[in-house]
Amino acid sequence: MSSTTQYTTFTDLYTGLLRSIRDSTSVTATVNEAKRAINTALHDMHMGEDRGAFYWTERRARIVTAAPYSTGTATIAAATRTTVAGPSTAWNTTVTGFGVANAIAGYKFRVSGQSEVYGITSVLTDTSLSLADTYTGDAVTDTSYQILVDEYSLASDFGEPIDERNFSDEWEIPIIGSREFYRRFPRNVITGKPRCCTFITTGLSGTSVVRKLLFYPVPDNEYSIPYRYVTTNLAVSSAGAAQTQLSADSDEPIVPLQFRHALIYHALSHWYRDRKDDQRSQEARNEYVDIIRRIRAKTAPYQDRPQIQISRARWSQGPGWRRRPRYDVNNWFEELKDR
């Protein structure tokens with residue numbers, strides 16, 4: 001690490017932290033603690049309510065929906081209520097141009113004329129698939145059916161949507177809470193152009209939460225729906241591979257070079273706090289907060305943020321020139337000044 005340049009790599013950051021506190025850079029336990037402090041600072045810096053506040057975290061992707069599939073017929077015997085047979089169905093055949101089969105685990109199965117939907121756990125062959133739940137209707141032979149797709153995977157590094165209110169302005173697809181979604185659409189079988197959606201959690205992949213998007217109505221055709229989101233990949237390797245945190249000495253945070261020293265101050269505030277040095281902890285914290293404030297103040301035309309502007313005319317009462325300011329007994333009510 002050069003002593004005259006901005007912090008660049010993981011080595012620069014954790015070594016800079018240790019030098020700031022005048023601690024050893026050759027003791028393994030201390031170095032590991034410094035590394036953890038830097039990674040904690042990196043994640044904490046990008047955690048908050050202001051989605052997309054940092055332009056370097058914004059990413060874009062798109063969802064390609066699948067049309068319902070209903071080729072052939074389905075048979076469900078009374079004795080095997082979790083297995084569906086389908087002559088001439090081609091369930092395990094790849095859809096030309098899309099790279100996925102006509103039916104895969106996670107899709108939904110519905111017998112025509114029935115409102116109940118069943119999740120598909122596996123597709124065994126072109127003519128056989130297994131259901132997640134026991135089929136509760138009457139046994140059917142060579143009946144019409146539908147395979148529906150209402151859940152869609154998001155980008156692997158998806159953290160949060162940029163806009164928490166609307167998934168797509170072009171199509172007006174508002175995002176609603178999952179509780180409200182399931183209350184309104186407990187059996188999602190109607191097909192059409194998506195009119196609303198919700199995010200659902202389907203489990204864990206390692207230490208990452210797996211989230212999917214659930215549409216209503218179930219898409220009735222192939223649609224390409226672009227979206228923007230906040231990434232969870234906060235670091236990059238020397239080879240350019242995105243990753244969730246800093247690991248190798250040559251890794252770099254996605255924070256632009258000019259702002260990376262903020263990580264040092266954030267780590268310092270926690271380091272001193274854990275050692276009961278409240279004064280130094282607060283001083284480092286103040287420096288960090290000041291840097292973040294200046295980062296967020298750097299706006300551009302493509303990063304417009306709403307601003308509140310007070311109309312003085314509406315903050316007074318009385319007609320014409322006789323308008324008078326409104327006050328309460330403490331002279332603080334709706335005054336245009338700081339207390």
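Keep in mind that the model is predicted, so local features need pLDDT of at least 70 and side-chain atom pairs count only at pLDDT 80 or more, while totals for chains, interfaces and linings use all residues. Residues are numbered from 1 along each chain as its sequence is written, and side-chain values use heavy atoms, with hydrogens and water left out.

Let's begin with the helices. Helices (H or I, at least four residues) and strands (E, at least two) are DSSP runs, numbered from the N terminus. Helix H1 covers residues 10–20 and helix H2 residues 28–45; their axes come within 9 Å and cross at roughly 110°. Axes here are lines fitted to C-alpha atoms, for helices over the stretch in contact, and angles run from 0 to 180 degrees between N-to-C directions. H1 and H2 are therefore roughly perpendicular to each other. (Angles under 35 degrees count as roughly parallel, over 145 as roughly antiparallel, 65 to 115 as roughly perpendicular and the rest as oblique.) On the H1 side, Phe10, Leu13, Tyr14, Leu17 and Leu18 meet a set of H2 residues that includes Val31, Ala34 and Ile38. By class, this contact of H1 with H2 has nine nonpolar, two polar and one charged residues. For the classes, Ala, Val, Leu, Ile, Met, Phe, Trp, Tyr, Cys and Pro count as nonpolar, Asp, Glu, Lys and Arg as charged, and the others, Gly among them, as polar.

Now hop along to the other pair. Helix H4 (residues 261–274) packs against helix H5 (residues 278–297) at about 155°, with axes 8 Å apart. That angle makes H4 roughly antiparallel to H5. Residues of H4 that meet H5 include His261, Tyr265, Leu268 and Ser269, and among their partners in H5 are Ser281, Ala284, Arg285 and Tyr288. The tally for the contact of H4 with H5 is seven nonpolar, four polar and four charged residues.

Pick out Ser269, in helix H4. Ser269 counts as buried because its relative accessibility is 2%; buried means under 20% relative accessible area, exposed over 50%, and partly exposed in between (1.4 Å probe, protein chains only). Leaving aside neighbours within four places in sequence, Ser269 is in contact (heavy atoms within 4.5 Å) with Ser281, Ala284 and Arg285.

On to the nonpolar cores, each a set of buried Ala, Val, Leu, Ile, Met, Phe, Trp, Tyr and Cys residues joined through side-chain atoms within 4.5 Å. The largest has 35 residues, and those with the most contacts inside it are Trp91, Phe109, Ile147, Phe167 and Phe215. Strands that each supply at least two residues of this core include S4 (108–111), S6 (128–131) and S15 (208–216). Apart from it lies another core, of 34 residues, with Ala34, Ile264, Ala284 and Tyr288 among them.

Ser128, in strand S6, is buried at a relative accessible area of 15%. Leaving aside neighbours within four places in sequence, Ser128 is in contact with Thr83, Val84, Trp91 and Val123. Val189 lies in the loop between helix H3 (178–184) and strand S13 (191–192), and at 17% relative accessibility Val189 counts as buried too. With neighbours within four places in sequence set aside, Val189 is in contact with Arg110, Ser115, Val117 and Leu148.
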